[in-house]
There are 2 protein chains.
Amino acid sequence: MSGDEAPSLWERISLPSIPKEVGRKISQLEQEFVRAELEQLRKQIPVLRPLYARRNALVASKELQDADFWPRVFANAPQEIDEYILASDAAVISQCLKNLTIERCDVDENGSGGDPRSVRFTFEFATGEEENPYFTNAQLVKEFHYRTKISKTPKGKRHVWEGYVSTPVRINWKKDQDLTKGLLDAACDLYEAEQKKGAGVDRTTLPEYEKLITKLEEASAEADALVGDEEEEADEEYLPGGVSFFNFFGYRGNTVTAEESAAAEKEEAERWQKIENGEKVDDEDDEDDDEDDDIDEEEESIATIEIFPAADDIAVALADDVWPNALKYYVQSYEVANDFDDEMDIEELDDDEGEDDEDRPAKKVKT
Amino acid sequence: MSGDEAPSLWERISLPSIPKEVGRKISQLEQEFVRAELEQLRKQIPVLRPLYARRNALVASKELQDADFWPRVFANAPQEIDEYILASDAAVISQCLKNLTIERCDVDENGSGGDPRSVRFTFEFATGEEENPYFTNAQLVKEFHYRTKISKTPKGKRHVWEGYVSTPVRINWKKDQDLTKGLLDAACDLYEAEQKKGAGVDRTTLPEYEKLITKLEEASAEADALVGDEEEEADEEYLPGGVSFFNFFGYRGNTVTAEESAAAEKEEAERWQKIENGEKVDDEDDEDDDEDDDIDEEEESIATIEIFPAADDIAVALADDVWPNALKYYVQSYEVANDFDDEMDIEELDDDEGEDDEDRPAKKVKT
């Protein structure tokens with residue numbers, strides 16, 4: 001609201017909280033909107049697949065390989081991704097990234113089933129000795145599966161978690177080239193050790209857990225030393241600067257199998273159906289309750305093994321923004337480059353990078 | 001890209017411009033993506049209609065009328081809308097706005113035809129003497145039709161315009177209550193005079209045109225005086241502060257009839273089909289050509305009769321963000337209100353309002 005001198009009746013809005021019955025109706029309707037939107041998204045996916053396949057073929061053509069398609073898209077990516085790409089990561093991307101494919105991997109061919117929020121990233125890299133001095137993988141495939149988990153708080157209340165579950169993916173770094181400085185390997189080692197022990201193992205008892213924690217502490221200390229007081233306050237959700245983007249491949253999220261998730265989704269759907277029918281459901285969700293704290297603790301213990309906690313947000317930004325708009329970002333990368341003489345290096349002039357998300361395509365590509 | 005000490009190979013990306021043939025293939029593919037997305041959007045609309053109807057019924061219920069549904073949503077709207085709402089506009093909205101319906105008015109019942117970007121806004125207001133001291137309209141209905149216009153530049157090159165066309169809507173203000181200070185009436189008067197004269201009239205020869213220009217100059221001078229040096233630099237696309245949000249109803253956009261637009265769309269579709277078939281099209285678009293200047297002038301002459309040039313962007317923000325997320329904005333308005341004691345009045349502390357779009361739901365509702 002712009003300021004002017006008239007008295008603001010915005011102040012009239014003063015009801016302290018949503019009436020309970022109204023709140024219930026709103027939640028129910030919101031739930032139906034979410035379901036309808038997922039259904040639409042699901043149907044849309046098979047329709048767009050052939051277009052993405054044609055785009056991929058175009059990107060794989062010699063003309064566009066010579067024209068650095070994906071490196072240019074990444075160089076011009078939105079701030080929320082770009083801020084996690086170190087200069088050393090950018091070197092690898094610009095030299096070695098040949099193609100990227102993002103698929104809604106859980107949706108079937110007809111768009112009739114599967115969660116459309118699940119995504120598979122297939123990064124393709126150059127492999128020649130000269131072309132890729134960093135690692136030997138020709139492909140890195142990373143999947144994020146959207147899952148649901150229902151648990152009880154210590155006081156017996158129902159708690160519904162929704163989010164991504166992912167398996168860490170190892171990179172075969174060449175000697176002395178590991179940009180993650182052993183962090184990704186440690187995360188993969190822990191995951192594999194847990195798999196060997198089987199479900200129910202307390203990961204904190206494993207030697208690989210100790211090793212990962214040590215690596216995380218080292219990375220954190222090193223980043224602190226590197227960054228000093230220069231940078232703005234670190235995002236709480238993220239290790240302070242200096243951690244390689246390639247730790248993205250180590251993300252795990254919560255531990256929920258596809259079967260557990262399917263059962264939880266079924267339980268949720270039946271619960272909403274009951275509410276819709278006006279039937280009573282046995283227990284309330286614990287939303288807006290201070291018992292949330294207990295759950296937060298549980299989620300924090302998951303987070304301590306996360307070497308790159310922002311990976312789920314980055315996955316969403318890549319899948320929902322960069323992937324559908326890749327042609328636009330690519331074309332813009334030339335406009336930015338051409339404007340560059342006029343603009344000087346704004347990044348150096350601008351202290352407060354975090355705030356300029358709005359004028360996105362600007363200022364990224366250095367020519 | 002975060003800074004660290006390694007040399008940046010982002011600099012390797014140095015091709016000066018997109019190879020012509022590649023550029024053509026990209027435009028073609030982009031065109032197909034746009035078509036596919038419009039098609040999806042079109043199909044989605046009939047599916048969501050019943051849900052929106054149920055939401056509207058809920059909003060119209062006594063419980064939610066008492067709970068100020070739409071006033072709360074507006075009070076918590078994203079910055080791009082909120083910045084155009086003066087305190088005096090907010091007073092009217094919070095006291096009188098009873099309901100708002102946004103429809104994709106050009107899409108038929110089956111989602112098989114019509115442009116899904118066209119939108120109709122139906123604002124419903126209280127009408128009692130006490131309930132609405134401002135104007136007598138029980139409803140204000142404003143339509144934005146998405147249209148295409150193909151024209152030739154003075155040098156004979158093809159130019160394609162796409163955007164909104166709208167008819168100004170008069171508000172019957174009560175005595176001395178006109179928040180637009182005659183601007184909206186002047187815009188409606190000009191439009192009606194043009195309609196009377198029929199197609200092809202040069203509007204600049206009409207006395208109503210002179211009158212509108214005078215009103216615009218008055219509003220601009222008054223706003224300058226009111227604002228002084230305090231505010232940040234005015235957005236070029238918008239009159240400097242102090243202009244009522246209710247001028248939104250005066251928006252016109254370009255002058256294109258539904259028939260002209262249908263013909264232009266057909267021409268465009270056929271042209272793209274030819275390109276797809278590898279046939280030669282007779283004339284190139286004039287993109288990236290300095291002849292654009294000629295067109296800009298033409299568009300500027302349209303803009304001089306626009307009393308609220310941001311209305312098309314606001315229409316998109318309302319239709320694509322506020323309308324689908326209204327329940328969320330409503331629920332958030334309570335959270336904001338409850339957090340408010342802790343947060344103090346951040347708006348007063350924060351000089352640089354324009355930059356905080358990111359943390360959207362915060363700081364809007366004053367309790």
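**Figure 1. Antiparallel pairing of strands E1 and E2 in chain A of the predicted model**. Strand E1 (residues 97-103) and strand E2 (residues 119-125) of chain A are joined by six bridges and run antiparallel; two strands pair if DSSP finds at least two bridges between them. Leu97(A) stands opposite Phe125(A) in E2(A), and Glu103(A) has Arg120(A) as its bridge partner. Five of the seven residues of E1(A) are buried, so this strand is largely enclosed by the rest of the structure. E2(A) is likewise largely enclosed, because five of its seven residues are buried. Buried means under 20% relative accessible area, exposed over 50%, and partly exposed in between (1.4 Å probe, protein chains only). Helices (H or I, at least four residues) and strands (E, at least two) are DSSP runs, numbered from the N terminus. This is a predicted model in which local features need pLDDT of at least 70 and side-chain atom pairs count only at pLDDT 80 or more, while totals for chains, interfaces and linings use all residues. Residues are numbered from 1 along each chain as its sequence is written, chains are lettered from A and ligands numbered from 1 in the order in which they are written, and side-chain values use heavy atoms, with hydrogens and water left out.

**Figure 2. Arg120(A) and Glu143(A) across strands E2 and E3**. E2(A) also pairs with strand E3 (residues 139-152) of chain A, in the antiparallel sense and over six bridges. Here Arg120(A) stands opposite Glu143(A). The two residues form a salt bridge, with the closest N and O atoms 2.8 Å apart; the term requires a side-chain nitrogen of Lys or Arg within 4 Å of a carboxyl oxygen of Asp or Glu. Arg120(A) lies in E2 and Glu143(A) in E3, so the pair ties together parts that are 23 residues apart in sequence. Arg120(A) is partly exposed at 24% relative accessible area, and Glu143(A) is partly exposed at 28%.

**Figure 3. Salt bridge between Glu194(B) and Arg203(B)**. The side chains meet at 2.9 Å, N to O. Glu194(B) is buried, with a relative accessible area of 9%, and Arg203(B) counts as buried at 16%. Over all chains the count comes to 36 salt bridges.

**Figure 4. Bend in helix H1 of chain A**. H1(A) (residues 20-60) has 41 residues, which at 1.5 Å a residue should span 60 Å; the end C-alpha atoms are 56 Å apart, which agrees. The expected span is 1.5 Å times one less than the number of residues. H1(A) bends by about 40 degrees at Leu48(A), and Pro50(A) follows within four residues. The bend is the angle between axes fitted to the seven residues ending at a residue and the seven starting there.

**Figure 5. Aromatic pair of Phe245(A) and Phe308(A)**. The structure holds 54 aromatic pairs over all chains. Rings of Phe, Tyr and Trp (its six-membered ring) pair if their centres lie within 6.5 Å; planes under 30 degrees apart count as stacked, over 60 as edge-to-face and the rest as tilted. Phe245(A) and Phe308(A) are edge-to-face, at 6.2 Å centre to centre and 90 degrees between the planes. Phe245(A) lies in the loop between helices H7 (207-227) and H8 (258-276) and Phe308(A) in the loop between H9 (292-303) and H10 (311-322) of chain A, so the pair ties together parts that are 63 residues apart in sequence. Both Phe245(A) and Phe308(A) are buried.
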